[in-house]
Amino acid sequence: AAGSAGTLYALADGGAYNRVDSSGAWQFISPPNRQFTAIALTGGGSVLLSSEAEGTFRSTNNGVTWTGSDIRGRDVFAIATRPSGEAFAGTLGSGVYKSSPGAEGWTQLPLESTGEYVYSFAASGEALFTGSNRGVSRTTDGGESWLNLSTFGGSAYTVATTPDGSVFAGTGFGVFRSSDNGDSWIQSGLSGSKVFFLSTSSDGRLYAGTATDGVYASTDGGRSWASRGLVRNDLQTIVVNGAGRLFAGVYGGIFRSTDDGSTWQNIRFGDGYVYSIAPAGSQTLLAGTHSGVYVTSNGGDTWSTAGDSGLSQTFVLSLSLDAQNRVLAGTYRGTVYRTLRGVVLPVVNGVVAGAPVPRTTELSQNYPNPFNPRTEFRFTIAGGLAAAAPGGAFVNLRVFDLTGREIAVLVNERKAPGIY
């Protein structure tokens, strides 16, 4: 490859070289002890080296220094994304890595800042918290500096935040709570349980998944807890989605509760553990398993593979969605993968302003048809006895493929009379 200034670059035996103009000799410029399979020049004097094993590295000074990926081969157990575009990956043994907007690869953060084994992330405003073998740490400047906050000792296996700004940590001896952004902590129940998972709902309910004692719920900010059953020893994750439904990942699929944990329904898919679940809206969820990513668009009723094109390592430990709704998948002994497009969520717009109350209930033809990836259609709800019920008429709209398999639930709630 030839640079804009006439400098020649070559890739041989996995290493990069450039030609010294004064002597015509070739000098080795690659990062040491790494093997690359591609070289590219991107303008402005930048040189890119990449391979499946090493990731991507960039140099802007003819190979004197390099920046780039060093996350390959790690177990990525947790992922967090920020509205600013930054992404953080928590690994088992190598601490936290950060990816900045517009940058190639990942940068490892100092281990003493966050701990070597990072199990969980949680955000509250500008603050990002980690749970690790060194307890809880916090950054408020995009990962540039971290403060260890633990006063309770031991590992924090999970961290979570609630809408009132409280921070919670699950430990080997129960739950701890902070009401001052992590500066101080108090015991907050379940002291006899190993709390491995925490999840919070939009209305502030808090759920805890334990090693062997099942699931617990708190409706008063962690001051008291009530058992929600599901006593198992294979619980891998627990989340609550936008519709308030609970999902627990176990061997062979998930358990789902639509009544705050009073009852649980086992929904099986795949033939291994479900390690992570990422809600995307009120009906769509993604699940990370040892055989790739599964997706549901009907609130967990049915699951199908999301496809693995480009997903070289299908053992998925962690999932997250960025600001563009693109999926990030952290893998076992792999790296972080990101989808090229965001998850498409069904959107139901409000009642058409100023329109008269319809006399009939109708579902109009979608447009465009056929479509990829988006289509729109109109439906009307007439006035009458059904619509006069509290909350309006119950509307259920589902999408099926040509084989009759349900692939999406668009609406499953009461709607007032009108045009949608």
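**Strand partners and aromatic rings**

Me: In E2, Asn18 is the residue that stands opposite Tyr9. What makes E1 and E2 paired strands?

Reply: Strand E1 (residues 9-12) and strand E2 (residues 15-19) run antiparallel and are joined by 4 bridges. Two strands pair if DSSP finds at least two bridges between them, so 4 bridges meet that rule. The strands themselves are DSSP runs, numbered from the N terminus (helices: H or I, at least four residues; strands: E, at least two). E1 and E2 also form a hairpin with 2 residues between them, and Asp13 in the turn has a positive phi of about 55°.

Me: Good to have that clear. What kind of model is this, and what are the ground rules?

Reply: The model is predicted: local features need pLDDT of at least 70 and side-chain atom pairs count only at pLDDT 80 or more, while totals for chains, interfaces and linings use all residues. Residues are numbered from 1 along each chain as its sequence is written, and side-chain values use heavy atoms, with hydrogens and water left out.

Me: Why do Phe152 and Trp185 count as an aromatic pair, and how is it classed?

Reply: Rings of Phe, Tyr and Trp (its six-membered ring) pair if their centres lie within 6.5 Å; planes under 30 degrees apart are stacked, over 60 edge-to-face, and the rest tilted. Phe152 and Trp185 are 5.6 Å apart centre to centre, with 85° between the planes, so they pair and are edge-to-face.

Me: What makes this pair a tie between separate parts of the chain?

Reply: Phe152 lies in the loop between strand E15 (147-148) and strand E16 (156-161), and Trp185 in the loop between strand E18 (174-178) and strand E19 (186-187), so the pair links parts 33 residues apart in sequence.

Me: Are Phe152 and Trp185 buried or exposed?

Reply: Buried means under 20% relative accessible area, exposed over 50%, and partly exposed in between (1.4 Å probe, protein chains only). Phe152 has 13% and Trp185 has 11%, so each is buried.

Me: Why are E12 and E15 called edge strands?

Reply: The open sheet of 4 strands has the order E12-E13-E14-E15, with antiparallel pairing. Strand E12 (118-124) and E15 each have a single partner strand, so one side of each lacks a neighbour in the sheet.
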